Amino acid sequence: MAQAPGVGRRYMKAFFKGFFIAVPVTVTFLDRVACVARVEGASMQPSLNPGGRQVSDIVLLNHWSIRNYEVNRGDIVSLV
């Protein structure tokens with residue numbers, strides 16, 4: 001089964017076009033809207049990692065509400 005000349009080049013071109021569109025969109029989303037973080041240790045117990053488990057919890061950090069100053073009492077805030 002021989003492939004027609006240029007078929008591999010077409011697939012590579014489509015891959016790179018999708019790659020160069022997906023990477024900036026993903027980076028912008030993670031920087032401006034939300035990102036995923038892992039919570040480890042006993043500092044957030046009992047809200048996160050309840051019962052003294054050694055398993056880390058995964059949380060979604062919402063950048064959007066911080067930019068609009070929509071922080072309420074009882075919200076968990078992450079600082080870097």
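The model is a predicted one. The two partners are Arg 32 and Asp 31, whose closest N and O atoms are 3.8 Å apart.

Asp 31 counts as partly exposed because its relative accessibility is 43%.

## The chain as a whole

Let's step back to the overall layout. Two helices and two strands are found in the chain, and they follow the pattern α-β-β-α along the sequence. The radius of gyration is 21 Å, well over the 12 Å that the globule rule gives for 80 residues, so the chain is more spread out than a compact globule. Along the principal axes, the C-alpha atoms fill a box of roughly 65 × 35 × 15 Å.

Of the 80 residues, 10% are buried. The accessible surface of the chain is about 7300 Å², with 62% of this belonging to carbon and sulfur atoms. Among contacts between residues at least 6 apart in sequence, 46% join residues at least 24 apart.

## Charges

The chain carries 9 positive and 5 negative side chains. The centres of these two sets lie 18 Å apart.

## A look at Asp 57

Asp 57 belongs to strand β2, which covers residues 57-62. Is Asp 57 buried or exposed? Its relative accessibility is 17%, so Asp 57 counts as buried.

Beyond its neighbours within four places in sequence, Asp 57 is in contact with Ala 37, Arg 38 and Val 39, and also with Leu 48, Asn 49 and Pro 50.

Note on methods: Residues numbered from 1 in each chain as written. Predicted model: local features only at pLDDT ≥ 70, side-chain atom pairs only at ≥ 80, totals over all residues. Heavy atoms only, no water. Helix = DSSP H or I, 4+ residues; strand = E, 2+ residues; numbered from the N terminus. Buried < 20%, exposed > 50% of the residue type's maximum accessible area, 1.4 Å probe, protein only. Contact = heavy atoms within 4.5 Å. Salt bridge = Lys/Arg side-chain N within 4 Å of Asp/Glu carboxyl O. Rg over C-alpha atoms; globule rule 2.2 N^0.38 Å. Areas by Shrake-Rupley, 256 points an atom, 1.4 Å probe, with all protein chains shown as cover. Lys, Arg positive; Asp, Glu negative; His and termini not counted. Charge placed at Lys NZ, Arg CZ, Asp CG, Glu CD.
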